[in-house]
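Please look over the structure shown here.

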Amino acid sequence: MEAALSRLVVAGGFGVFGAAAVARLRAAGERPLAASRRDGADLRLDVEDPASLRATLRRGDVVVDAVGPFQHRTTALVAAAADLGFDVVDISDSLDHVRAVRALRERIDAAGIRVLCACSTLSAVSAAMIRLSGLAAPVGFTCVLAPATRYTARPGTAGSLVASVGAPVDVLRDGQLVRRIAWREARTFTLPAPVGAVRARLLGGGPDALLLPEVWPSLRHTSFYVHSNVPGLDALLAAAARWPRLLRRIGTPAPALALARLLGARRGWVLYEVEDAGGRLVRCLLTGEGRSYDAAVVPAVLAARALAAGTFSARGLVPPDRHVAPDVLLAALRDAGLARVALPSD
């Protein structure tokens with residue numbers, strides 16, 4: 001009974017992804033509370049301020065954490081969750097943030113709460129795609145993200161992108177985390193028309209590099225690539241990767257965001273590739289027009305609803321393959337206008 005009365009709180013509820021989570025929860029008949037530092041929020045909340053966390057959140061809450069960029073986040077929210085007794089579902093895309101949360105595993109387990117890290121395109125959807133590939137012992141996994149930039153070009157998402165350019169990142173290679181520089185490596189991926197050949201840039205391993213091998217110890221390589229879906233932007237950012245200090249000084253002014261929204265793609269897609277030791281390669285594409293970025297919040301919304309309803313059985317730091325059942329996730333993605341398309345191997 002207590003779990004059924006849990007409050008659903010969306011931290012960052014006024015941002016691109018937070019607002020999408022709030023909208024999807026409301027469409028499902030829930031009554032989420034949008035939490036933000038901004039005026040007009042249902043709850044005034046600063047996820048980096050322990051006093052604010054203690055004053056605003058309470059035992060039994062289910063918090064969807066959509067406050068980016070996660071590269072700049074601390075573990076203040078998860079620490080408060082362990083102290084106060086509420087659950088956290090985050091959409092983190094940062095390996096470093098996930099690593100910091102994993103360091104709190106014993107504290108999380110002792111508190112009896114549930115923490116779902118990277119319950120998003122990375123790593124919840126990644127885990128589901130590996131399950132659906134049918135490969136029991138994958139050795140390689142690659143994800144390529146091309147957002148519907150016309151809709152996602154906002155200060156928060158742009159800030160996260162800029163922060164990655166020229167930054168040192170960890171990538172899983174030969175079973176070990178190795179250091180690379182984001183945006184300096186590229187790979188061409190061939191997709192069906194009208195997309196065709198796409199030159200994508202390495203963004204790192206993302207949380208998949210840490211979380212997926214815990215589920216599939218056979219994994220030896222994971223990579224996360226990005227294609228901005230804005231003409232000319234990838235080449236500019238790749239060049240800027242060699243002068244990151246200059247790029248950070250330039251920042252992401254309003255005219256640049258306006259241009260990205262004008263020239264950016266209306267259709268977004270995510271490519272997933274899974275490979276086994278025998279060389280079998282399974283490829284699939286998630287694609288949709290308009291609100292295709294909902295793929296980032298659909299897993300978190302499903303998990304949060306299950307937690308609030310008391311139907312989520314796992315506790316502690318929950319691995320990504322247990323965030324949402326693959327068939328349930330696929331059905332929700334279809335409802336969100338995102339089709340899963342099987343692709344031939346290159």
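## Cysteines

Cys117 is buried, at 3% relative accessible area. This is a predicted model, and a search of the whole structure finds 0 disulfides. Cys117 is in no disulfide. Its nearest cysteine sulfur belongs to Cys119, 9.8 Å away.

Cys284 is buried because its relative accessible area is 5%, and the cut-off for buried is under 20%.

## The seven-stranded sheet

An open sheet of 7 strands runs in the order E3-E2-E1-E4-E5-E6-E15. The pairing is parallel. E3 (43-44) and E15 (316-317) are the edge strands, and each pairs on one side only.

Strand E5 (residues 87-90) and strand E6 (residues 114-116) run parallel and are joined by 2 bridges. Val88 has Val115 in E6 as its bridge partner. Helix H13 (residues 298-309) lies across E1 (8-11), E4 (62-65), E5 and E6. The helix runs at about 170° to E4.

## Asp170

Where does Asp170 sit? It is found in strand E8, residues 168-173. Asp170 counts as buried because its relative accessibility is 12%, with the cut-off at under 20%.

The Asp170 side chain makes a polar contact with the side chain of Arg99, at 3.0 Å. Leaving out residues up to four places away in sequence, Asp170 touches Leu95, Arg99, Leu177, Val178, Arg179, Gly204, Gly205 and Gly206.

Note on methods:
Residues numbered from 1 in each chain as written. Predicted model: local features only at pLDDT ≥ 70, side-chain atom pairs only at ≥ 80, totals over all residues. Heavy atoms only, no water. Helix = DSSP H or I, 4+ residues; strand = E, 2+ residues; numbered from the N terminus. Buried < 20%, exposed > 50% of the residue type's maximum accessible area, 1.4 Å probe, protein only. Polar contact = N/O pair within 3.5 Å; in protein donor to acceptor, adjacent residues only side chain to side chain. Contact = heavy atoms within 4.5 Å. Disulfide = S-S within 2.5 Å. Pairing = 2+ DSSP bridges. Axes fitted to C-alpha atoms, helices over the stretch in contact; angles between N-to-C directions.
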